[in-house]
Amino acid sequence: MTIPTVESLKKVLADNYALYLKTQNYHWNVEGSDFKVLHTLFEEQYIDLAAAIDKVAELIRGLGEKAPGTWKDYEALTSISDGDVNASSNGMLKDLLQDQDIIQGSLQEALSVAQEANDEVVIGVLVERLTAHRKNKWMLKSSI
């Protein structure tokens, strides 16, 4: 019964890691008159993603499976594309905004699987992450 839960969590983990990397990339490379505000916003979001990565990996381990942890693994599992360091600050915002929809989709899928398995621990973490990504989406959208 835990295998579908684990598989859905692996996708969530990969999407979190890819979004973490992209957000940190944009944090380093954003330019323009709104640099300071976006530099700080992106930092807040990638720090949150770093904590989420660890939490999701530990859920996978707690279910008795190994957590994926290589670029090859993440590339095969994620739906998040690489970022463009040459994008305008507005382009970075729009890109990350689209990624919030993608990651919320993976979280929703994993939540459905966890609900079917009646796994309250996984459900709790996924609801917490959905809440965080809804806020992140709002913050990004409000910055465009």
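Me: Looking at Ala18, which residues does it touch, not counting residues up to four places away in sequence?

Reply: Contact means heavy atoms within 4.5 Å. With residues up to four places away in sequence set aside, Ala18 touches Thr78 and Ile80. Before we go on, this is a predicted model, in which local features need pLDDT of at least 70 and side-chain atom pairs count only at pLDDT 80 or more, while totals for chains, interfaces and linings use all residues. Residues are numbered from 1 along each chain as its sequence is written, and side-chain values use heavy atoms, with hydrogens and water left out.

Me: Where is the place of Ala18, and is Ala18 buried or exposed?

Reply: Helices are DSSP runs of H or I with at least four residues, numbered from the N terminus. Ala18 sits in helix α1. For burial, the cut-offs are under 20% relative accessible area for buried, over 50% for exposed, and partly exposed in between, with a 1.4 Å probe and protein chains only. Ala18 has a relative accessible area of 17%, so it is buried.

Me: Thanks! What lines the largest pocket?

Reply: A pocket is an open set of points on a 1 Å grid over the protein atoms alone, where a 1.4 Å probe fits and protein lies on both sides within 12 Å along at least five of seven lines; lining residues have an atom within 4 Å of a point. Here 13 residues line the largest pocket, and Ala18, Leu21, Thr78, Ile80 and Asp82 lie nearest its centre. Two or more lining residues come from each of α1 and α3 (71-77). Helix α1 gives the largest share, five residues.

Me: And what volume does the largest pocket have?

Reply: A volume is the space filled by probe spheres set on the grid points, which are joined across faces, edges and corners. For the largest pocket that comes to about 270 Å³.

Me: Which side chain does Ser89 join in a polar contact?

Reply: Ser89, in helix α4, is joined to Asp34 by a side-chain polar contact of 3.2 Å. Ser89 is buried, with a relative accessible area of 14%. Ser89 also touches residues including Val30, Glu31 and Leu38, again not counting residues up to four places away in sequence.

Me: Now the rings. How many aromatic pairs does the structure hold?

Reply: Rings of Phe, Tyr and Trp (its six-membered ring) pair if their centres lie within 6.5 Å; planes under 30 degrees apart count as stacked, over 60 as edge-to-face and the rest as tilted. There are five aromatic pairs in the structure. One of them is tilted and joins Tyr17 to Tyr20, at 5.9 Å centre to centre and 50° between the planes. About one helical turn separates Tyr17 and Tyr20, because they are three residues apart in helix α1 (residues 2-29). Tyr17 counts as partly exposed at 26% relative accessibility, whereas Tyr20 is buried at 18%. Another pair is Tyr26 with Phe42: the ring centres are 6.4 Å apart and the planes at 45°, so this pair is tilted. It links distant parts of the chain, with Tyr26 in helix α1 and Phe42 in helix α2 (residues 35-62), 16 residues apart. Both Tyr26 and Phe42 are buried.

Me: Which residues do ring pairs link into a cluster?

Reply: The cluster is made of Tyr17, Tyr20, Tyr46, Trp71 and Tyr74.

Technical notes:
A polar contact is a pair of N or O atoms within 3.5 Å; within protein, one must be able to donate a hydrogen and the other to accept it, and residues adjacent in sequence count only if both atoms are side-chain atoms.
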